[in-house]
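User: Please examine the protein shown here and answer a series of questions about its architecture and selected residues.

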Amino acid sequence: MTSHGFTAGRTFESEKVTLNSSVLGDYRSVIEATAEAYNEDYVPTIALAAIGIRTLLSGLGVPPGAVHVSQELQSHRAAKSGDTVYCHAEVTQSSRRGKGGEIVVLEFKVMDRESVLLLDGRTTLIIFEQE
């Protein structure tokens, strides 16, 4: 079985992302948001999570075909449009399941430029062996 390099203890920090109108507009278009709540100064918690997880998964090199099977989130503070954020993640568990693939658990934090915690969470992926 191919190892994807997701060993427990591996850490990753994403590039900083500014929550500007382009980034938030991309999120709104994906979810087809039309509600006024999505046009306020505050960034919805789920948008912040989606932006953070997207940057982490691409930075960690998660291969195509990975399945996102669970998610836990805890919001600590709201982010505002214009804030700059980054994510820090750690692989807390990685176990191979024969031909079933590799189960990987990531714990992550989304922080602002002053390292104030905005959101933290845990996500579980199943990464299948590429043939």
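Analyst: The answers below concern a predicted model.

User: How many helices and strands does the protein have, and in what order do the elements run?

Analyst: The protein has two helices and eight strands. Buried residues account for 34% of its 131 residues. Read from the N terminus, the order of the elements is β-β-α-β-α-β-β-β-β-β.

User: Is D112 buried or exposed?

Analyst: D112 belongs to strand β7, residues 102-112. Its relative accessible area is 7%, and the cut-off for a buried residue is under 20%. D112 is therefore buried.

User: Which residue forms a salt bridge with D112?

Analyst: Side chains of opposite charge can pair when their charged atoms come close. For D112, the closest N and O atoms of the pair are 3.0 Å apart. The pair links distant parts of the chain, 35 residues apart, with the partner in the loop between β4 and β5. The partner of D112 is R77.

User: How does R77 count by its relative accessibility?

Analyst: The relative accessibility of R77 is 36%. Buried means under 20% and exposed means over 50%, so a value in between gives the intermediate class. R77 counts as partly exposed.

User: Which residue forms a salt bridge with R122, and which strands does the pair tie together?

Analyst: The count of salt bridges comes to two. In the pair that includes R122, the closest N and O atoms are 2.6 Å apart, and the partner is E107. R122 lies in strand β8 (residues 117-127) and E107 in strand β7, so the pair ties together parts that are 15 residues apart in sequence. R122 has a relative accessible area of 29%, and E107, with 35%, is likewise partly exposed.

User: What is the volume of the second largest cavity, and which residues line it?

Analyst: The structure holds two cavities of 30 Å³ or more. The second largest cavity contains about 30 Å³ of space. By class, its lining has six nonpolar, two polar and one charged residues. The lining residues are V43, P44, T45, L48, S75, R77, A78, A79 and L119.

User: What is the accessible area of the nonpolar patch that V67 forms with V69 and F128?

Analyst: V67 is placed in strand β4, residues 67-75. At 35% relative accessibility it counts as partly exposed, and the cut-off for membership of a patch is over 30%. Together, V67, V69 and F128 have an accessible area of about 220 Å².

User: How far apart in space are S81 and L19?

Analyst: S81 is found in the loop between β5 (79-80) and β6 (84-96). With a relative accessible area of 37%, S81 is partly exposed. S81 and L19 are 62 residues apart in sequence, whereas their C-alpha to C-alpha distance is 5.3 Å.

User: What is the phi of S115?

Analyst: Most residues other than glycine have a negative phi. S115 lies in the loop between β7 and β8 and is partly exposed, at 43% relative accessibility. Although S115 is not a glycine, its phi is positive, at about 65°.

Definitions and conventions
Residues are numbered from 1 along each chain as its sequence is written. This is a predicted model: local features need pLDDT of at least 70, side-chain atom pairs count only at pLDDT 80 or more; totals for chains, interfaces and linings use all residues. Side-chain values use heavy atoms; hydrogens and water are left out. On a 1 Å grid over the protein atoms alone, a cavity is a set of points where a 1.4 Å probe fits but cannot get out, and a pocket is an open set with protein on both sides within 12 Å along at least five of seven lines; lining residues have an atom within 4 Å of a point. Grid points are joined across faces, edges and corners, and a volume is the space filled by probe spheres set on the points. Ala, Val, Leu, Ile, Met, Phe, Trp, Tyr, Cys and Pro count as nonpolar, Asp, Glu, Lys and Arg as charged, and the others, Gly among them, as polar. Patches are made of residues with over 30% relative accessible area and no salt bridge: like charges are joined within 9 Å, nonpolar side chains (Val, Leu, Ile, Met, Phe, Trp, Tyr) within 5 Å. Accessible areas come from the Shrake-Rupley method with a 1.4 Å probe; for residues, only the protein chains shown count as cover. A salt bridge is a side-chain nitrogen of Lys or Arg within 4 Å of a carboxyl oxygen of Asp or Glu. Helices (H or I, at least four residues) and strands (E, at least two) are DSSP runs, numbered from the N terminus. Buried means under 20% relative accessible area, exposed over 50%, partly exposed in between (1.4 Å probe, protein chains only).
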